[in-house]
Amino acid sequence: EEQWKSEAQRLEAQLHRMTEHHRMAAKQVRDFRQADDARAAGEQKRAAEEQRLAEEKAQQEAEKSSKRRERHGIITNPNIYRQMAEALAGIYVEKVDSKGRRERRLLRVVCSMKRIRDRGREHQAPDMQLRWSKAPFKDWPDRSSCDLEQVISLGYGFAARAWWLFPDKVKPQLCFSVNTPNRSFDFICNSDWDAEVMVTVISRLCTRIQGWPLHGGVNSHSRFLSMKGWTKVQAACRASKNTLCNHLLDAAAKM
């Protein structure tokens, strides 16, 4: 009987050990599964986040590319229909007369046809003129005009006479002069856009009617932006009474 009791106790203890071992094994399995589920969830979340970031980056790159293509198209597109439309409609400017007085005028280009006689034969030819009108801006007399076929050069910025007459009152990037063999016509615009409209359109029309690039002409948006930028740089150098090199060195030292 004692032997049976001892054997029963041994078996009971062994059963307890097996139960405890099974409980520990089950707990380890649960812990492993929970850790594996958490790792899988973390990886899934991380993959979703990476995908979201990749999509956002792709969208940003697409937007940048679209804006870059649009900007590149605006700059490199030789078509100046917007400027031409405004130049035909007219832009308000200040005109400097022969006595150095500034007077408000409505300035526009006029494109039409004229009849000329050449070698005994009469035919039509383009007639491109720059005309201006004084208040109330209804009359466009012939004396207030400039035949673009007679223009020999165009001065913009510091090459314009208006800035030299009023250096402390006007910005050089708003000034331009149309020069003919007899005289120059000097104008001051109200904005950079107005200056671009008139300068690019006059340059294009003079080149078109004369058959040669106009000296000092600005035939494109990109070219005008370049000239306007350098005009502003030169204005800053003149204001600080520095050369371009010294001005750049001073700007670099402040960075």
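Analyst: Two strands pair if DSSP finds at least two bridges between them. Helices (H or I, at least four residues) and strands (E, at least two) are DSSP runs, numbered from the N terminus. This is a predicted model, in which local features need pLDDT of at least 70 and side-chain atom pairs count only at pLDDT 80 or more, whereas totals for chains, interfaces and linings use all residues. Residues are numbered from 1 along each chain as its sequence is written, and side-chain values use heavy atoms, with hydrogens and water left out.

User: Which residue in β2 does Tyr92 stand opposite?

Analyst: Strands of a sheet pair through backbone hydrogen bonds, either parallel or antiparallel. Here Tyr92 belongs to strand β1 (residues 91-96), and its opposite number in β2 is Leu106. Strand β2 covers residues 102-118 and pairs with β1 in the antiparallel sense over 6 bridges. The two strands form a hairpin with 5 residues between them, and Gly100 in the turn has a positive phi of about 85 degrees.

User: With which strand does β1 pair over 3 bridges?

Analyst: That strand is β7 (residues 184-188), again in the antiparallel sense. Within this pairing, Val96 has Asp186 in β7 as its bridge partner.

User: In what order do the 7 strands form the sheet?

Analyst: The order is β4-β3-β2-β1-β7-β6-β5, in an open sheet with antiparallel pairing. At the edges are β4 and β5 (153-156), each of which pairs on one side only. Neighbouring strands are turned by 35 degrees against each other on average, direction ignored. Angles between elements use axes, which are lines fitted to C-alpha atoms, for helices over the stretch in contact, and they run from 0 to 180 degrees between N-to-C directions.

User: Is Tyr92 buried, partly exposed or exposed, and which residues does Tyr92 contact?

Analyst: Buried means under 20% relative accessible area, exposed over 50%, and partly exposed in between (1.4 Å probe, protein chains only). Tyr92 counts as partly exposed because its relative accessibility is 34%. Contact means heavy atoms within 4.5 Å. Leaving aside neighbours within four places in sequence, Tyr92 is in contact with Arg104, Arg105, Leu106, Phe137, Asn190 and Asp194. One of these, Phe137, lies in the loop between β3 and β4 and has a positive phi near 60 degrees, in a residue other than glycine. The loop between β3 (121-133) and β4 (145-147) also holds Pro136, which is joined to Ala135 by a cis peptide bond with omega of about 10 degrees.

User: How do α4 and α5 pack?

Analyst: Two packed helices are described by the angle between their axes and the distance between the axes. For α4 (residues 192-210) and α5 (residues 221-240), the angle is about 125 degrees and the axes are 11 Å apart. Angles under 35 degrees count as roughly parallel, over 145 as roughly antiparallel, 65 to 115 as roughly perpendicular and the rest as oblique; therefore α4 is oblique to α5. Asp192, Ala195, Glu196, Val199 and Thr200 in α4 meet His221, Phe224, Lys228 and Lys232 in α5.

User: Which strands does α4 lie across?

Analyst: Helix α4 lies across β1, β2, β3, β5 and β6 (175-179), and its direction is at about 165 degrees to β3.
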